[in-house]
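The following report goes through a single protein chain, from selected side chains to the whole fold. Please keep the sequence and the model in view while reading.

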Amino acid sequence: MHPSVWLKPGILIIYGSALDTAPHKHHAIQLILPSPNASYQLNNTAGTGALVIDADVEHQLSMASGWILLIEPLSHWGKALQEKLAGRPTCDIEQQSSTMPSIAGSDDQPFPLLTPLFEQLGLGSYPNTFTSQPTDKRIQSLVSQLDKCINGDCVKPSNWRAAQVAEQLALSESRFLHLFREEMAIAWRPYLLWRRMFCAINALKQGSNATQAAYLAGFADSPHLSRTFKNNFGMTIRQALALLQLKSYSNLNK
């Protein structure tokens with residue numbers, strides 16, 4: 001199996017093998033889909049089939065091979081998965097083996113391959129956007145600006161200080177911070193950090209080394225990026241690059 005990674009604003013999809021993470025938690029809802037005849041270990045408990053892990057739930061995961069999807073909680077798919085969780089930290093989902101997608105020997109985008117599985121899970125076909133959908137137009141505009149970072153028009157993190165963003169939105173800083181948390185169910189600073197992680201992953205995927213990715217995403221240096229990466233994904237940058245067989249190995253720190 002050839003490891004692959006796809007990244008769009010609001011969603012990270014990984015197809016890989018020999019996944020083994022340290023305990024960690026993150027902003028995203030996680031959907032785990034082991035390959036046929038494969039299993040996973042979640043917090044030392046074995047399981048098979050699809051599994052949903054709620055956002056901000058600490059977990060340790062190992063899996064021989066399969067799919068991992070990280071999805072923003074207030075996105076279209078995130079809300080649908082939250083309904084299945086019904087307040088529980090995790091939820092097993094029965095899965096027909098015929099719906100398990102495989103991309104072995106294929107360079108196709110994952111979404112058409114995953115559509116049958118999404119339909120079985122009640123998620124329907126893939127939406128136009130994968131990011132959270134706030135109702136306030138000012139926060140909508142802000143999220144759209146953040147999306148541009150992944151689409152190639154990156155705005156350096158120095159421009160995302162709360163006071164500056166509030167001024168752009170014609171709000172006081174305190175009002176902006178309150179409104180953002182109210183609309184996004186997460187405070188501005190940790191959400192921005194989460195989006196900066198996506199910027200770093202995108203830079204690595206495009207061939208940047210860890211030092212370059214750290215600079216682009218606003219981290220002090222590659223060790224700072226790697227520590228933050230491990231807190232969010234349970235592995236260092238070096239481990240992630242080895243897992244995904246990417247080539248940005250220079251200037252890495254364990």
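Which side chains does a polar contact of 3.3 Å join? The side chains are those of Gln-30 and His-59. A polar contact here is a pair of N or O atoms within 3.5 Å; within protein, one must be able to donate a hydrogen and the other to accept it, and residues adjacent in sequence count only if both atoms are side-chain atoms.

This is a predicted model, in which local features need pLDDT of at least 70 and side-chain atom pairs count only at pLDDT 80 or more, while totals for chains, interfaces and linings use all residues. Residues are numbered from 1 along each chain as its sequence is written, and side-chain values use heavy atoms, with hydrogens and water left out.

Gln-30 lies in strand E3. Its relative accessibility is 3%, so Gln-30 counts as buried (buried means under 20% relative accessible area, exposed over 50%, partly exposed in between, with a 1.4 Å probe and protein chains only). The side chain of Gln-30 also makes a polar contact with that of His-26, at 2.8 Å. Beyond its neighbours within four places in sequence, Gln-30 has contacts (heavy atoms within 4.5 Å) with residues including Leu-51, Ile-53, His-59 and Leu-70. Gln-30 and Leu-81 are 51 residues apart along the chain, and their C-alpha atoms are separated by 9.2 Å.

His-24 sits in the loop between strand E2 (11-20) and strand E3 (29-34). It is a buried residue because its relative accessibility is 5%. The His-24 side chain reaches the backbone oxygen of Ala-22 at 2.8 Å. Among the residues in contact with His-24, apart from neighbours within four places in sequence, are Val-57, His-59, Lys-230 and Phe-233.

**Cores and helix H6**

Phe-233 is one of the residues with the most contacts inside the largest nonpolar core, along with Leu-12, Leu-225 and Phe-229. That core has 38 residues, a nonpolar core being a set of buried Ala, Val, Leu, Ile, Met, Phe, Trp, Tyr and Cys residues joined through side-chain atoms within 4.5 Å. Helix H6 (residues 188-205) gives the most to this core, eight residues. A second, separate core of 26 residues includes Trp-6 and Phe-111.

In H6, 14 of the 18 residues are buried. The helix reaches 26 Å from its first C-alpha to its last, close to the 26 Å expected at 1.5 Å a residue (1.5 Å times one less than its number of residues). Just after H6, Gly-207 takes a positive phi of about 110°.

**The whole chain**

The chain has nine helices and eight strands; these are DSSP runs numbered from the N terminus, helices being H or I of at least four residues and strands E of at least two. Of its 254 residues, 54% are buried. The mean pLDDT, the predictor's confidence in each residue from 0 to 100, is 82, and 84% of the residues reach 70 or more. Over residues 247-254, pLDDT stays under 50.
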